[in-house]
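The sequence and structure are shown first.

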Amino acid sequence: MKKGPKIKEINITPIAIVDPPLLNAAGLHAPYALRIIVELITDDNITGISEIPGTTDIEKALHECKDLIIGQDPFQTNKISDILIAHFGTDNIADRGLFPWDSRKLVHIFSALEVACLDIVGKIVNRPVVDLLGGKRRESVPFAAYLFYKYEGAGGKLAFGTDPNAKGWAAARQASALNPAEIVAQAQAMCKEFGFQSIKLKGGVFEPRQEVDAIIALREAFGENVPLRIDPNALWTVETSIKYGLEMEGIIEYLEDPCRGQENMAAVRKALKTPLATNMCTTSFEDIPRSIQLGSEDIILSDHHFWGGLRESMTLTGVCKTFGRDLSMHSNSHLGISLAAMVHLGAAIPNFRYALDTHYPWQSDEVITQGRFKFEDGAVVVPEGPGLGVELDKEALAKLHQNYLDCGLTKRDDQVEMRKVIPDWEFKQTRW
């Protein structure tokens, strides 16, 4: 039997990318978002790359598994998974945490290694990653405009300051958005730049009346043919979710995580005709049986960084199909490597009905040689090259790593950032 290549080197580079002062249920985005770039290099000098959310804990764990992974065959991702589980143990539901982002360790580590391995395999067989997932079901993948309440500011070194020379979306990205009129202006600028055909509002920031008024204002500005969705990040009670959910029936295509927990979501789902979506109450295969038993959501918002990689995400599509769930995708602040992986996965999944989330318009940095991805009518064409179809820009990587060294951040903590504006601000699991 022909032996495959072996991994001879692993490079792990934490980076910091400029992020504007975006608001959410957990507080405020820092001036920089943290990511980790992983490079796997084989003994015949083929490189695979990946990108995951970054913390010093995850970076440390990646370094810890170097000795475990060097010498392994990138085709054997099942074996790599088993090695990691034997060393780190498995994640559990509690490890996910209460915040809008996911705090589990193993899923981050494995997704980083698996995507980089698939990038290598694709280069060896000269096929794109989507073909390793079963092949393309669509030539391009649609995304939704992802709106945020935000303070004025460009992020990065400017922080709450702005660049007076910015034009178009670059100027709109740094403008404040603290009321319905400013949210509509943000949406108009983003849709003009990227051509998005549907719109999502990140809620959980202001009392529900204002956020629902913003949805109504978006409907008035964009008309009934542009699907809308809102995500209060589980900060509403069941009663609040039902009250405002009923008001938004016929206006929104789905309501994402209005309240916390599968039981509460199921109660809201029974009271509304509008579909419910989640990336907070059903976030692992361990959650699925109870989700089906209760009927807690209609749409699972997957994220290959949090569901154990691209192939496990394809497994999730089968679970969703079996139990009558739709599948779309959650997003976090990311660059082109993660976006490429999302596009390959988005091209392969069946029963695709809802445009995917992406923070990409909010980021101005990039770490791939091709430059920033282009959106046409809100969609991204599946990269055609082998593997992910993108290559790492080493000069950009060095610059973004220096950002990381200079900014001093070690993990995401939106409450700390929020207290720079409101000193006594406290995160609450349920607020309204």
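## Met248 and the nonpolar cores

Met248 touches Val212, Ile215, Ile230, Trp236 and Leu255, leaving out residues up to four places away in sequence. The model in which these contacts are found is predicted. Met248 also belongs to the largest nonpolar core, which has 94 residues. Together with Phe143, Leu147, Ile199, Leu218 and Val367, Met248 is among the members with the most contacts inside that core. Helix 13, residues 336-348, gives the most to this core, contributing 9 residues.

Another core lies apart from the largest one and has 23 residues, including Ile58, Cys65, Leu84 and Ile109. In soluble globular proteins, nonpolar side chains tend to be buried together.

An open sheet is formed by 7 strands in the order 7-8-9-10-11-12-13, with parallel pairing. Strand 7 (145-148) and strand 13 (326-329) are at the edges; each has a single partner strand, so one side of each has no neighbour in the sheet. From one strand to the next, the twist averages 25°.

Within the sheet, strand 9 (residues 228-231) and strand 10 (residues 254-256) run parallel and are joined by 2 bridges. Arg229 stands opposite Tyr254, a residue of strand 10.

## Aromatic pairs and a cluster

The structure holds 15 aromatic pairs. One of these is formed by Trp169 and Phe194, with 6.3 Å centre to centre and 80° between the planes, an edge-to-face arrangement. Trp169 is in helix 6 (residues 168-172) and Phe194 in helix 7 (residues 180-194), so the pair, whose members are 25 residues apart, links distant parts of the chain. Trp169 counts as buried because its relative accessibility is 5%, and Phe194 is buried as well, with a relative accessible area of 11%.

Trp169 also pairs with Trp362: the ring centres are 5.1 Å apart and the planes are at 65°, so this pair too is edge-to-face. Trp362 lies in the loop between helix 13 and strand 14 (379-381) while Trp169 lies in helix 6, so the pair ties together parts that are 193 residues apart in sequence. Both Trp169 and Trp362 are buried. Phe194, Trp169 and Trp362 belong to one aromatic cluster, whose other members are Phe143, Tyr146, Phe148, Phe196, Tyr360, Phe373 and Phe375.

## Cysteines

How many disulfides does the structure contain? The count comes to 0. For Cys65, the closest cysteine sulfur is that of Cys117, and the 11 Å between the two sulfurs is too far for a bond. A disulfide would require the sulfur atoms to be within 2.5 Å.

Is Gln262 buried or exposed? With a relative accessibility of 9%, Gln262 counts as buried. Gln262 lies in helix 10, which spans residues 262-271. Leaving aside neighbours within four places in sequence, Gln262 is in contact with Cys281, Thr282, Asp287, Arg290, Ser291, Leu294 and Ser296.

How values were computed. Residues are numbered from 1 along each chain as its sequence is written. This is a predicted model: local features need pLDDT of at least 70, side-chain atom pairs count only at pLDDT 80 or more; totals for chains, interfaces and linings use all residues. Side-chain values use heavy atoms; hydrogens and water are left out. Two strands pair if DSSP finds at least two bridges between them. Helices (H or I, at least four residues) and strands (E, at least two) are DSSP runs, numbered from the N terminus. Axes are lines fitted to C-alpha atoms, for helices over the stretch in contact, and angles run from 0 to 180 degrees between N-to-C directions. A nonpolar core is a set of buried Ala, Val, Leu, Ile, Met, Phe, Trp, Tyr and Cys residues joined through side-chain atoms within 4.5 Å. Buried means under 20% relative accessible area, exposed over 50%, partly exposed in between (1.4 Å probe, protein chains only). Contact means heavy atoms within 4.5 Å. Rings of Phe, Tyr and Trp (its six-membered ring) pair if their centres lie within 6.5 Å; planes under 30 degrees apart count as stacked, over 60 as edge-to-face and the rest as tilted.
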